[in-house]
Amino acid sequence: MSENSLWLRCEKKPFERRAAITPTTAKKLIDVGYSITVERDEQRIFDDEEYETVGCTLVDNDSWPTAPINIPIIGLKELPTSSSPLKHTHVHFAHCYKHQAGWASVLARFYAGKGTLYDLEFLQDESGRRVAAFGFHAGFAGAAAGLLAYASLKDGKTLGSLEPFANEAEMISSVTAKLQGNAKNVKALVMGALGRCGRGAVELLQKVGLKDSNIFKWDLAETAKGGPFLEILDVDIFINCIYLSTKIPHFLTPKEIREAGSSRRLSIIVDVSCDTTNPNNPIPVYDINTTFEKPTVALKLDPGNPPLEVISIDHLPTLLPREASEQFSADLLPSLKELKNRRTARVWVEAEKLYKEKLSEAVKELGL
Ligand SMILES: NC(=O)c1ccc[n+]([C@@H]2O[C@H](COP(=O)([O-])OP(=O)(O)OC[C@H]3O[C@@H](n4cnc5c(N)ncnc54)[C@H](O)[C@@H]3O)[C@@H](O)[C@H]2O)c1
């Protein structure tokens, strides 16, 4: 097989239904001369046949270790933990460049196999912006989860487990049904409203029927005065979507919640940003990440203080795997088209340079 080949591997991370290459992008790559091999994967939101229909060659699940060595292997999430050497060029989110737990051992596998890692999180355009990210659907899904939790709480219940939705229409009709015509009375404040996640959150709120005057869109201009912000207590749902890069004044703390007592309107906080364990978390009112099985955590409050729940799920786009994959894959497409020229194409040359820097850090760390 030639340099014009790509191999889409299966995903092994539980609940991960998204794909880095969708049938739509596979077709576009085939149209410009690529041949695409796709591992059969029941976990993926796209059926194997959808890839076959557009001209991909289907192969067994998890068979990439036997792929010809010159074919780049593309996936979304990290590979399962192992010590086997990695000989191929891999493209995925490896979560090992920021010294996350086990980072050096992940890179040691590439070192041992003389493979290469192009980490999707660090592919950048000329201006330093990520070429593809999942933010929009994180905000969109986070807002949906927030409204579902809000409606449950209105019924005196806590939101039960969440399952990925087949598509956006299903998510919207589910939220709309649960709100029982009450959407126009709901007030929400989206923090970081001009960013990717923030725009997604605002769009969901609009699509399920919140009044525009009830959607408070805050970004840097509105928070310049410095928190905490009592305005947050006067909405039903607070959706935090900021990109935290430095220490900033808190948006809300237990003190304001305690002091507001029963005058508080706020009942749900969705922390899309999920800086849960970051010492600079601007919403230091909770300290765990919640999950699809148990999406909310209730704050411990004094008697008489109405319930307040937080959603802090760190893989929200998985709730909308089809649309999230389509948008991510479309944004990645121009870079994927350049993969055959990866020795000279800027985006891949820079990704390889970063990989080599991280690899030498790992080699030093492990004394290899
Ligand atoms: N929970 C999840 O599943 C999930 C998924 C994707 C991204 N994220 C996280 O969401 C966060 C946002 O990502 P993004 O891609 O939307 O970032 P982005 O850079 O596109 O947008 C961030 C926005 O926050 C605003 N902002 C920054 N500091 C602010 C402040 N002090 N006050 C008000 N606004 C402020 C910025 O001006 C910008 O508009 C990141 O931390 C990212 O890791 C979470």
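**Close-up 1. Arg129 is partly exposed in this predicted model.** Its relative accessible area comes to 48%, and the cut-off for calling a residue exposed is over 50%. Look for Arg129 in the loop that runs between β6 (116–119) and α4. Setting aside neighbours within four places in sequence, Arg129 touches Leu123, Gln124 and Arg196.

**Close-up 2. Here we look at Asp314, in the loop between β12 (309–311) and α9 (321–337).** Asp314 is exposed, with a relative accessible area of 54%. Once neighbours within four places in sequence are left out, Asp314 has contacts with Cys274 and Asn289.

**Close-up 3. This view takes in the residues that UniProt lists under "binding site", in an unreviewed entry.** The UniProt list reads Arg129, Gly195, Arg196, Asp219, Thr223, Tyr243, Val272, Ile313, Asp314, His315 and Leu316. These residues span 188 residues in sequence, and the farthest two C-alpha atoms sit 26.2 Å apart, so don't expect them all to gather at one spot.

**Close-up 4. Helix α4 (residues 135–154) packs with helix α6 (residues 196–207).** The two helices meet at an angle of about 45 degrees, and their axes are 6 Å apart. That angle makes α4 oblique to α6, and their crossing is right-handed. On the α4 side, the contact is made by Gly135, Phe136, Ala138, Gly139, Phe140, Ala143, Ala144 and Leu147. From α6 come Arg196, Cys197, Arg199, Gly200, Ala201, Glu203, Leu204, Leu205 and Lys207. Sorted by type, the residues of this contact are ten nonpolar, three polar and four charged.

Terms used:
Residues numbered from 1 in each chain as written. Predicted model: local features only at pLDDT ≥ 70, side-chain atom pairs only at ≥ 80, totals over all residues. Heavy atoms only, no water. Axes fitted to C-alpha atoms, helices over the stretch in contact; angles between N-to-C directions. Helix = DSSP H or I, 4+ residues; strand = E, 2+ residues; numbered from the N terminus. Parallel < 35°, antiparallel > 145°, perpendicular 65-115°, else oblique. Left-handed = near helix turned anticlockwise from the far one by under 90°. Contact = heavy atoms within 4.5 Å. Nonpolar A, V, L, I, M, F, W, Y, C, P; charged D, E, K, R; others polar. UniProt positions renumbered as here; feature names shortened; annotations may be inferred. Buried < 20%, exposed > 50% of the residue type's maximum accessible area, 1.4 Å probe, protein only.
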